[in-house]
Every structure is written in C-alpha cells, then in structure tokens.
Amino acid sequence: LGDPFILLHNGTYYAYGTHSDEGIEVYISDNLKTWKYKGLALNKKDSWADRWFWAPEVYEVNGKFYMYYSADEHICVAVADSPVGPFIQNKQEPMIVEEKCIDNSFFMDDDGTPYLSFVRFNDGNNVWIAELETDLITIKKETKRIHVSQAWEEVWPRVNEGSYILKHNGIYYMTYSANSYESPFYGVGCATATDIMGEWAKYDENPLLQNPGGLVGVGHSAMFTDKEGKLRIVFHAHKDKSNIHPRAMYIGTVNFENVNG
C-alpha cells in the first residue's frame with residue numbers, strides 16, 4: 001500500500017491505502033503483522049470520480065465512519081456504518097469543486113471543532129488548514145498555509161504533502177512529507193503550533209524520517225495508538241532502490257522527548 005493509514009476499532013486494525021484502480025482497499029489484522037484482504041471499502045461506483053483513488057484516512061465520529069480521500073486530484077469524503085464499508089459519497093462532488101487538491105486529513109480538536117488539512121497545487125505542493133462545518137464535509141473558507149520553506153524539501157521537486165495532525169500537551173504537531181513521492185529523498189518532517197489556525201514552526205532538525213535502514217522513498221505517514229497504548233507511525237517506502245512500485249507499508253513507534261531535560 002502507498003499512502004497508508006491504520007484505524008484501530010474494537011480490537012481490530014484496519015489498513016487503507018493507495019493501490020487499486022477500482023477504489024480504496026481495506027485489510028484487517030489483529031497484530032499489525034499478518035493482514036487479510038477484505039475487499040474494496042470504497043468502490044469507484046460509489047464515488048464522484050472514476051480514477052486516481054489516493055491517500056485514504058478513516059475516522060469514527062458519533063458511530064459513523066468517515067473516509068477522507070483523493071479522487072481524480074480532488075478531495076472527497078465518503079461515509080459508512082462499518083470500517084470495512086461500503087463507503088458511499090452521498091454528495092457526488094468533491095469538497096472543493098473548482099480546484100484540484102489532494103491528501104485531505106481530518107483532525108478534531110479537544111473542544112469538538114473539526115479541521116481539515118489538505119494540499120493545494122500552488123507554488124509547488126503546499127499544506128493548507130481549514131475548519132469544517134459540523135457535517136464534517138463542508139469546508140469553511142478560512143485557510144492557512146504551511147509553505148515549503150526548508151532546503152531539504154526542495155530537492156526534487158518543491159513539495160509539502162501528506163499531512164497528519166495530532167495534539168500533545170497542548171501543542172499541535174503536524175507531520176508531513178516533502179520532495180516528490182518518486183524521489184529517493186522523500187521524507188517526513190514535523191511542524192508545531194500553539195494555535196492550529198496560527199503560525200506553524202518547522203522543526204530545525206527535519207527531516208525526522210528519511211532513508212531509515214536503507215529504505216528509500218519513505219513518507220506519507222499517519223499515526224495511530226495501538227492496543228498497548230503506544231503511539232505508532234505508519235508510512236510507505238519504495239519497493240527497492242531501483243523500483244518505486246509496488247510500494248510497501250511499514251510501521252514504527254513514536255515517542256515525545258523533552259529536549260530541555
């Protein structure tokens with residue numbers, strides 16, 4: 001799977017990602033090592049588009065499951081009663097009709113305010129953040145940008161994408177990927193903010209994850225908490241140093257450290 005995402009629900013792990021021309025696949029596991037294919041969680045007949053189904057993320061809110069994904073380079077939402085689907089895009093249009101965007105990622109703050117981070121194709125790929133209406137589908141128009149600003153992000157070419165936001169001790173953390181996904185220099189960086197719609201500061205020692213253990217093309221990560229309560233990261237890497245596809249899914253562990261002692 002490329003652009004992988006893992007959901008833990010009722011003791012079962014569900015993995016989604018970029019792979020099928022027919023929609024979005026789902027795999028299940030009870031140990032994060034052995035996975036079973038469960039078919040299409042989203043069939044393209046239930047989507048606005050008919051090609052390029054990328055970067056799905058699934059969240060449970062009030063008993064419903066929301067899949068945020070890209071289709072034909074537009075951001076979409078589909079809803080289901082089960083994490084295996086069928087996910088259906090009831091309103092047959094993208095979240096932003098008039099503009100191509102990808103990599104939409106959902107975040108709900110402590111006060112219940114929903115947000116969406118996503119990529120716009122302006123000045124290279126850049127991450128923007130918008131508040132959502134209570135339907136979790138309609139975007140409010142106030143947006144902020146996390147722009148390409150560090151040298152390592154412009155090697156090939158100028159890209160920030162694949163964002164994921166979490167909150168820890170009152171601080172917002174965004175992981176994101178930079179460079180083209182085709183590049184061996186694809187990697188994961190981090191930015192922080194005290195106001196999700198305010199200014200974001202990128203970590204001085206980025207990238208956090210680039211070519212670990214000889215892997216190349218590492219990126220488009222997301223995080224989840226496993227059954228033991230550990231924070232985990234899931235990401236993809238190229239097949240090998242000579243071939244991009246098929247990309248493989250990898251899982252690591254995440255820790256927060258107090259650098260001030």
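Q: What is Ser221 in contact with, leaving aside its neighbours within four places in sequence?
A: Ser221 is in contact with Gly162, Tyr164, Thr175, Ser177, Val188, Ile233, Val234 and Phe235, leaving aside neighbours within four places in sequence. Contact means heavy atoms within 4.5 Å. This is a predicted model: local features need pLDDT of at least 70, side-chain atom pairs count only at pLDDT 80 or more, and totals for chains, interfaces and linings use all residues. Residues are numbered from 1 along each chain as its sequence is written, and side-chain values use heavy atoms, with hydrogens and water left out.

Q: Why is Ser221 called buried?
A: Its relative accessible area is 1%. Buried means under 20%, exposed over 50%, and partly exposed in between (1.4 Å probe, protein chains only). So Ser221 counts as buried.

Q: Where does Ser221 lie?
A: Ser221 lies in strand β16, residues 219-225. Strands are DSSP runs of E with at least two residues, numbered from the N terminus.

Q: Why is Trp156 called partly exposed?
A: The relative accessible area of Trp156 is 42%, so the label is partly exposed. Trp156 is found in the loop between β11 (139-146) and β12 (160-168).

Q: What makes strand β2 mostly covered?
A: Strand β2 spans residues 12-18, and six of its seven residues are buried.

Q: How do you know that β1 and β2 pair?
A: Two strands pair if DSSP finds at least two bridges between them. Six bridges join β1 (residues 2-9) to β2, and the strands run antiparallel. One of the partners is Thr18 in β2, which bridges to Gly2. In the hairpin of β1 and β2, two residues sit between the strands, and Asn10 takes a positive phi near 50°.

Q: What joins β2 to β3?
A: Five bridges join β2 to β3 (residues 23-29), and these strands run antiparallel. Tyr13 has Ser29 in β3 as its bridge partner. β2 and β3 form a hairpin with four residues between them.

Q: Which residues touch the most other members of the largest nonpolar core?
A: They are Tyr16, Met67, Tyr68 and Phe87, in a core of 58 residues. A nonpolar core is a set of buried Ala, Val, Leu, Ile, Met, Phe, Trp, Tyr and Cys residues joined through side-chain atoms within 4.5 Å.

Q: Which residues does a second, separate core include?
A: This core of 18 residues includes Trp152, Met174, Ala178 and Trp200.
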